[in-house]
Amino acid sequence: MDFVAIDFETANGKRDSACSLALTVVQNNQIVDELYSLIKPESDFFWRNIQIHGIKPEMVADSPKFNELWPHIQQFFGPDQIVVAHNARFDNSVLKKTLEHYQLPEPHYLSLDTLATSRAFYKGLPNYRLNTVCDALDINLEHHHNALDDCEACANILLEQINHFGTPALKSYVQSV
């Protein structure tokens, strides 16, 4: 299965405040490429978000704004492309709200949520947070809430699910966005 995993971190509680983004590209069930970028949001940072991900305003001062980054990544968001995230509702909404903020057209793509698949396939975990699922599957997650590490972990969760349950078992979790 070919897909791209995505993960955003935000500067505050607003969904259009992306301050970092990572993509992990998977082709033929192998990670073939990754992208990570800090993003300069057009809103203030909230102390709690900084506490979670460690990204401070001065760290993004010279980073691109999302509208400058989008032309380099929009090719991964086509009608036949699967975009995977752990808690896809969050990451899909950050993408949507950020695109709206910059008055950029919203793409249509396929989405798969490893939070939902993990709840279905791994009954009895204490919770289904990314770090908990990674621990249960013995997947390395070195820096939780670092977008690149989270994104790679998400890709590895789906690869584990493909290997263990097969692609047909995942098809019903793919939704059009």
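**Close-up views: sheet, pockets and cavities**

**Figure 1. Strands β2 and β3 form a hairpin.** T24 has E34 in β3 as its bridge partner in this predicted model, where local features need pLDDT of at least 70, side-chain atom pairs count only at pLDDT 80 or more, and totals for chains, interfaces and linings use all residues. Residues are numbered from 1 along each chain as its sequence is written, and side-chain values use heavy atoms, without hydrogens or water. The antiparallel strands β2 and β3 are joined by eight bridges; strands (E, at least two residues) and helices (H or I, at least four) are DSSP runs numbered from the N terminus. Two residues separate the strands in the hairpin, where N28 adopts a positive phi near 50 degrees. Nine of the ten residues of β2 are buried (under 20% relative accessible area, 1.4 Å probe, protein chains only).

**Figure 2. Six strands build an open sheet with mixed pairing.** The strand order is β3-β2-β1-β4-β5-β6, pairing being counted from at least two DSSP bridges. At the edges lie β3 (30-38) and β6, each of which pairs on one side only. On the antiparallel side of β1, eight bridges link this strand to β2, and E9 has S20 in β2 as its bridge partner. Between β1 and β4 (residues 82-85) the pairing is parallel, over two bridges, and A5 is found opposite V84 in β4.

**Figure 3. The largest pocket has a volume of about 420 Å³.** Among its 18 lining residues, H86, N87, F90, H144 and H145 are the closest to the centre. A pocket is an open set of points on a 1 Å grid over the protein atoms alone, with protein on both sides within 12 Å along at least five of seven lines, and lining residues have an atom within 4 Å of a point. At least two lining residues come from each of β1 (3-10), α1 (47-53) and α4 (88-101); β1 gives the most, with four. The lining comprises six nonpolar, seven polar and five charged residues (charged: Asp, Glu, Lys, Arg; nonpolar: Ala, Val, Leu, Ile, Met, Phe, Trp, Tyr, Cys, Pro; polar: the others, including Gly).

**Figure 4. The second largest pocket holds about 300 Å³ of space.** Fifteen residues line this pocket, and A88, R89, D113, A116 and Q175 are the closest to its centre. Two or more lining residues are given by each of α4, β5 (110-113), α5 (114-121) and β6 (175-176). By class, six residues of the lining are nonpolar, six polar and three charged.

**Figure 5. The model contains two cavities of 30 Å³ or more.** A cavity is a set of grid points where a 1.4 Å probe fits but cannot get out; volumes are the space filled by probe spheres on points joined across faces, edges and corners. The largest cavity has a volume of about 40 Å³, and its lining includes D16, K40, F66, H101 and Y102. Five nonpolar, three polar and three charged residues make up that lining. The second largest cavity contains about 30 Å³ and is lined by N92, L95, K96, L99, E106, P107, Y109 and V177.

Notes: Buried < 20%, exposed > 50% of the residue type's maximum accessible area, 1.4 Å probe, protein only.
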